[in-house]
Amino acid sequence: MDMLIDGMKVTDNDMYEVKNPYDGQTIDTVPIAHLNNVHRAIKAAVNAKKDIQEMSAFKISNKLYDVYEKLRKNKNNLAKLLTLEVGKPIKESKVELERSIETLKLSAEESKRIYVETVPLDAGLNGKDFFTFAQKIPLGVIGAITPFNYPLNLTLHKIAPALACKNTVVIKPPLDAPLTVLKCADIINEQFPPGVINVVTGYGNEVGDAIVSSPHINKISFTGSVPTGLMISSRSGMKKLTLELGGNDPLIVLDDANIDEAVLGAVRGAYLNAGQVCMGVKRIIIDNSIADEFIEKLVKKTQELKIGNPLDEKTDIGPLINENAAIMVEETVNNAVKKGAEILTGGKRKKTFYEPTVIDNVSPEMDLVTNETFGPIAPIIRIKSVDEAINIANNTEYGLQAGVYTENLKNALRCANEIESGTVFINKQPTFRTDNMPFGGFKNSGIGKEGIKYAIEEMTKIKLIGLNLK
Ligand code: NAP
């Protein structure tokens with residue numbers, strides 16, 4: 001599949017084979033862009049700024065609705081392509097498509113709500129006699145760099161609000177899963193002037209870095225891991241940054257919790273997309289008094305999950321993105337076992353597959369739970385008090401989401417207030433997002449927020465215009 005530069009399909013000399021993680025078969029190839037093509041894409045986006053800025057909000061909104069309709073019509077084909085390139089079970093790919101469609105619709109709606117605000121300068125010393133207003137104007141060119149695990153919706157969370165507030169974009173999708181983004185970009189390109197949306201494919205440290213370090217890009221909107229986020233922040237110079245990074249989300253189950261509900265939350269949160277979710281449940285912190293009952297039920301539910309071909313509607317657990325990713329999970333679990341953790345079910349790898357795995361007797365210092373383990377793992381940390389639960393939950397560099405199961409209002413509010421993360425859900429696991437909510441982590445989990453209205457805030461700048469009426 002070709003890249004998209006200045007409204008044209010563009011290829012390059014070197015190609016990358018995009019493989020199906022399920023069977024290793026090549027699905028398609030994409031160019032490994034040379035830097036001259038990245039610069040062409042950036043130049044096209046710079047030149048197209050004027051074209052999109054001249055469009056009315058009415059027109060942009062209609063165009064985004066047209067894209068929304070077209071994506072809806074193509075959703076089944078795109079869901080299949082997503083499953084082929086990511087290995088995600090088809091039922092989950094269908095959900096990603098529904099959410100991508102929703103992201104577009106929300107952006108079409110929000111594009112009509114970018115208001116000008118009057119500012120009372122007369123509230124300040126010598127400010128009398130002014131009529132002043134603050135406009136939200138587009139930043140210019142947004143560089144969007146995205147990860148493999150939800151490639152379509154996470155990329156649309158950058159493209160759609162960027163267009164809604166009249167920016168142009170240069171996108172670098174993940175090299176392992178660039179195909180649905182390229183297809184969707186073609187659909188968007190049909191509706192907008194050439195150069196408004198550009199997609200270049202290639203390695204992050206080359207193509208991604210050329211975007212990050214370009215003086216012609218006005219903002220980087222990045223979703224991916226903490227190390228890449230830190231690298232980007234050191235290379236981006238004087239640009240606005242939104243960084244949506246990794247997580248190590250706790251699921252806290254207190255002694256008065258509804259155990260069955262908490263088990264369902266744990267299953268969903270730990271195993272969705274084979275555990276390759278930034279806001280997945282990465283640590284189950286549970287009161288020792290109910291741990292045995294919870295674990296028995298969790299193990300039973302885990303064993304009921306169907307592992308297999310992700311194109312099969314009945315499959316719950318597909319492969320990880322590649323064999324290296326599965327080997328990393330295997331090694332991390334094996335190291336925890338050497339230090340005293342106990343596998344209760346699962347724990348085996350076959351090529352790109354890793355079994356959904358429940359691990360008991362995990363201590364908070366083990367690598368398994370201090371780092372972000374990107375696989376279908378449910379590690380159990382037993383605690384004896386709410387204080388201990390909160391301390392362990394916060395004892396991490398991450399702070400994306402948290403979930404707390406309790407029927408006690410005081411404990412619920414205490415956890416909500418004291419846990420340091422961008423979102424705390426009560427009686428719901430993390431691993432939950434609607435596309436309009438302010439989404440983004442604290443601490444090393446990131447900088448800034450997405451969720452259409454919030455992304456638009458970060459993709460515009462305020463210009464103050466004051467009329468001296470005296
Ligand atoms: P990653 O390795 O950080 O890669 C993300 C993107 O950055 C890819 O497109 C990658 O290119 C590119 N990249 C790599 N090095 C770069 C550099 N030096 N400069 C510019 N771009 C560079 O992350 P991943 O493994 O794809 O995704 C998993 C991670 O994303 C996890 O940590 C997960 O928690 C996080 N994530 C966060 C959120 C959130 O919303 N907070 C959502 C989903 C995922 P390549 O094509 O070469 O890989």
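Residues are numbered from 1 along each chain as its sequence is written, and side-chain values use heavy atoms, with hydrogens and water left out. Because the model is predicted, local features need pLDDT of at least 70 and side-chain atom pairs count only at pLDDT 80 or more, while totals for chains, interfaces and linings use all residues. Helices (H or I, at least four residues) and strands (E, at least two) are DSSP runs, numbered from the N terminus.

**Stop 1: the three-stranded sheet**

Select β5, β6 and β22, which form an open sheet in the order β5-β6-β22 with antiparallel pairing; two strands pair if DSSP finds at least two bridges between them. β5 (117–118) and β22 stand at the edges, each with a single partner strand, so one side of each has no neighbour in the sheet. Strand β6 (residues 130–138) and β22 are joined by nine bridges in the antiparallel sense, and T132 has G466 of β22 as its bridge partner.

Now pick L467, which is in strand β22 (residues 460–468). L467 is partly exposed at a relative accessible area of 38%, where buried means under 20%, exposed over 50% and partly exposed in between (1.4 Å probe, protein chains only). Residues up to four places away in sequence aside, L467 touches D129, F130 and F131, contact meaning heavy atoms within 4.5 Å. L467 and D129 are 338 residues apart in sequence, yet 8.4 Å apart in space, C-alpha to C-alpha.

**Stop 2**

Select helix α4 (residues 90–110), in which E110 is found. E110 is buried, with a relative accessible area of 14%, and, leaving aside its neighbours within four places in sequence, E110 is in contact with I452, K453 and I456.

Axes are lines fitted to C-alpha atoms, for helices over the stretch in contact, and angles run from 0 to 180 degrees between N-to-C directions.

**Stop 2: the seven-stranded sheet**

Next, display the open sheet of seven strands in the order β14-β17-β18-β13-β12-β19-β20, whose pairing is mixed. At its edges stand β14 (342–345) and β20 (423–426), each with a single partner strand, so one side of each is left without a neighbour in the sheet. The twist averages 25 degrees from one strand to the next. Strand β19 (residues 401–405) and β20 run parallel and are joined by four bridges, and V404 stands opposite I426 in β20.

Select helix α10 (residues 288–304), which lies across β12 (249–253), β13 (281–287), β14, β17 (357–360) and β18 (377–383), and runs at about 140 degrees to β13.

**Stop 3: helices α13 and α14**

Finally, select helix α13 (residues 386–394) and helix α14 (residues 409–418), which pack at an angle of about 25 degrees with their axes 10 Å apart, and are therefore roughly parallel to each other. Here V386, D387, I390 and N394 in α13 meet N411, R414, C415 and E418 in α14.

Technical notes:
Parallel < 35°, antiparallel > 145°, perpendicular 65-115°, else oblique.
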